[in-house]
Number of protein chains: 2
Amino acid sequence: MPTRVLIEGGWVFAGEGDGPFEILEDAVVAVEGERIAYVGPAAGLPADWAPTRRIDARGKAVLPGFVNAHTHHAMTLLRGYADDVPLMPWLREHIWPAEENLTGDDVYWGTLLAIAESLQAGVTTFADMYFFMDRVAQAVLETGVRAHLSRGLIGVAPGSDRALEEGRELVATFQGAGEGRIRCALAPHAPYTCPPEFVRQVLAAAEKLACPIHTHLAETKAEIEEIRAQYGKSPIRHFADLGVFEHETLAAHCVHLESEDIEVLARHGVRVAHNPISNCKLASGIAPVTELLEAGVTVGLASDGAASTNHLDMFEEMRLAANLQKVSRMDARALPAWQTLRMATVGGARALGFDKLGCLAPGYLADIVILDLNAPHLWPRHDLTSLVVYSAKAADVDTVLVHGRVLVDGGELLTIDMERVEHEVQARAERLARAARRG
Amino acid sequence: MPTRVLIEGGWVFAGEGDGPFEILEDAVVAVEGERIAYVGPAAGLPADWAPTRRIDARGKAVLPGFVNAHTHHAMTLLRGYADDVPLMPWLREHIWPAEENLTGDDVYWGTLLAIAESLQAGVTTFADMYFFMDRVAQAVLETGVRAHLSRGLIGVAPGSDRALEEGRELVATFQGAGEGRIRCALAPHAPYTCPPEFVRQVLAAAEKLACPIHTHLAETKAEIEEIRAQYGKSPIRHFADLGVFEHETLAAHCVHLESEDIEVLARHGVRVAHNPISNCKLASGIAPVTELLEAGVTVGLASDGAASTNHLDMFEEMRLAANLQKVSRMDARALPAWQTLRMATVGGARALGFDKLGCLAPGYLADIVILDLNAPHLWPRHDLTSLVVYSAKAADVDTVLVHGRVLVDGGELLTIDMERVEHEVQARAERLARAARRG
């Protein structure tokens, strides 16, 4: 007998697809096993459908779980380690030296911290590109969340063959693990770190493993100039010509795009992960999200790693995404609330290639967030979509289900021992900082 | 005998002035009556200094209270009422019709809601320009917060004489009320709503009352064009020539500035209230905060009203302020964390003309925020200023003192009955929306 969870009495953000939400008042969401069985008025449930658990959502909003479409989760260990520093010195003088001393255990504990923070903020799925990814998979399996995992591959670094082997092993071992909660990809890091021959090797491996690609593309102006100088074309065109986009591709950033680039992305069905906070904080730029959406590109919302973004909070990413489109286009209508919320949920689910994920509708995977609307900043109620996108906060998250299972209950994490995580993370962060300073 | 509050064991963000904070570990803050008596190691307190209350701040950060340097607090009633709409239709078709039906009671309850939200987010002082300001003063006196209050004066509207009379009465009645917790100003709304003759009338009244000025300046490109067409100069130059800046002036927005404007602001000691979220959401633009600070202009951070910003949260305003400077200047070093936190505290205190406010140092007014650093997004601890500015959230606010009195204790509001406020606000918001729709 699968578990049956009945979420009762809330404002349910229903409706499949890309349009504005259909907000049902005093509706129920019935969950059977890992999937949503029913969404609608309580009267519409079959009389013999008996729940094993009831969740009272009166005065609360019931939403699809957020999808964080691009992150380096274990970089929580370096949160606040080097802020207000430009990208290249940030990487070369601070982040890379600190990362050199990372162990598999560090990555495991840093990832647990990121999953804890994310779950309490309503994030049910994330796409993580990092290393020691078998330990990330372990954290995902243990905590019950959903993830798209890939071993970052830097072709120009020593040991790139070994890294590719680790990447392959990750896919072979964990593809579809946790009842399908894990999807695995291969991750050629970026055009400026992966020469063509290395990219071709990665693609050959992806072909054999029938797995998708996760990469960084067109993040900074410096990258555009470097790739143009080297190959005479834009990073998008360059990766297209190498055949990357013949594979299902998740491309993070896509900040600096020409209109031909957008056409290429659209034509090949490349999915984009938009990282508004990271792109501002590292002074990369503002991505043309409106144009991407208009061209029919699938766009998910993302935090990037906590070393550049400093927190993993889709509410703030949503607000910044909407606000950046409005101010950069000088048009207050740009990226309205409903479209932003779709990007943070079903947009991300599609970007990561999870089928039937990101909407509250029968047959969809039961990744659900229940938001308590009782704080002062959530009164009065004129428009609930506006309220969720422009006013709600991570701390309003009350209950979180992933794959039909309650992982956060009344704000409390059920699958993570935070005291242990805090202790481990602090000790490891101090060790990394000390070692990096010694050089 | 004044009350004596001893805040013990926290990380204290000490140090007067504009520079980086001096963060004292395991320090105490001793509060006597409404002022800070001592900041430093516990051993430095006089042996006979016996507290009437002790607050345990172990594992917490102790900060100066945030100052929200420009808001229209009662507009919480219109939170989420009309989003994703450009400024002029937003005002003409949505906000002004709804505001026409506002009563003094509405403003009182809407303001209480804003104060509740603000206090729980660590905001201890705000500058409010609206109407029925006697009712705002009542809310301020009852709840114990600190405020800079002014009746918004629209010279082109019918009843502008009566409005000015109300503005004068507010100053005469409430200047220095609540043991100095209230400062009052006169508020000619903006150059495009106040013809020169009306501005001169307001200045004459300000001269008599010896009170400061609060206004909106250079918010949108449309305003710049309109004022230039009408007077042949920028809004800043125009108000300077009218003699506005001979008075202590708080100017909200200052988004579109030429370098001569910045010189004028600096030379006259005009204080600027920067509203990053509102300026993005209404597609106004990005203010040149870095240039203003470099020119020596006092800049405070602000939320504007919740009808455009949707929440009153200095943490998010800090992050957006820093991120906008970084991305608009393409320089990750712009507006670093410590400078942003100074802007949100002592910058705002100076902008509003409160003396000895905004720093944790002996002799300063005891407006203090204690942040609980125990949530997952606040681990690990590499740099506490970074952590507070880039990672902390309103929900991390644990305790808030204003004028030496505890107003928030363990996250709970001690001077506001939220259940009553929610009920009143929801009913009033619905009435306003109904009436506006009837037209």
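Q: How many salt bridges are there over all chains, and what makes a pair count as one?

A: The general idea is that a side-chain nitrogen of Lys or Arg sits within 4 Å of a carboxyl oxygen of Asp or Glu. By that rule, the count over all chains is 60 salt bridges. Keep in mind that this is a predicted model, where local features need pLDDT of at least 70 and side-chain atom pairs count only at pLDDT 80 or more, while totals for chains, interfaces and linings use all residues. Residues are numbered from 1 along each chain as its sequence is written, chains are lettered from A and ligands numbered from 1 in the order in which they are written, and side-chain values use heavy atoms, with hydrogens and water left out.

Q: Which residue meets A:Glu316 in a salt bridge, and where do the two sit?

A: Look for B:Arg319: its side chain and that of A:Glu316 meet at 2.7 Å, N to O. The pair crosses between chains, from helix H13 (residues 314-329) of chain A to helix H13 of chain B. Helices here are DSSP runs of H or I with at least four residues, strands are runs of E with at least two, and both are numbered from the N terminus.

Q: Are those two partners buried or exposed?

A: Buried means under 20% relative accessible area, exposed means over 50%, and partly exposed is in between (1.4 Å probe, protein chains only). A:Glu316 counts as buried because its relative accessibility is 7%. B:Arg319 is buried too, with a relative accessible area of 4%.

Q: What is B:Glu316 in contact with, leaving aside its neighbours within four places in sequence?

A: Contact means heavy atoms within 4.5 Å. On that basis, B:Glu316 touches A:Glu316, A:Arg319, A:Lys393, B:Ile277 and B:His311. Its side chain and that of A:Arg319 are joined by a polar contact of 2.7 Å. A polar contact is a pair of N or O atoms within 3.5 Å; within protein, one must be able to donate a hydrogen and the other to accept it, and residues adjacent in sequence count only if both atoms are side-chain atoms. B:Glu316 lies in helix H13 of chain B, and at 8% relative accessible area it is buried. There is also B:Lys393, 77 residues away along the chain, with its C-alpha 7.7 Å from that of B:Glu316.

Q: Which parts of chain B does the salt bridge of B:Glu248 and B:Arg271 tie together?

A: The closest N and O atoms of this pair are 3.3 Å apart. B:Glu248 is in the loop between helix H8 (235-241) and strand S11 (249-253) of chain B, and B:Arg271 is in strand S12 (residues 271-274), so the bridge ties together parts 23 residues apart in sequence. B:Glu248 counts as partly exposed at 28%, whereas B:Arg271 is buried at 18%.

Q: How is chain A divided into domains?

A: The bounds come from an automatic or database domain assignment. Domain 1 of chain A takes in 4-64 + 363-413, and domain 2 takes in 66-351. Their centres, taken over C-alpha atoms, are 28 Å apart. The contact draws 34 residues from domain 1 and 31 residues from domain 2.

Q: What is the area buried between these two domains of chain A?

A: Buried area is the accessible area (1.4 Å probe) that two parts lose on being put together, summed over both. For this pair it is about 2600 Å², with carbon and sulfur atoms giving 61%. A:Val389, A:Tyr390 and A:His403 supply 23% of the area that domain 1 buries against domain 2, more than any other three residues. The rule finds 2 salt bridges across this interface.
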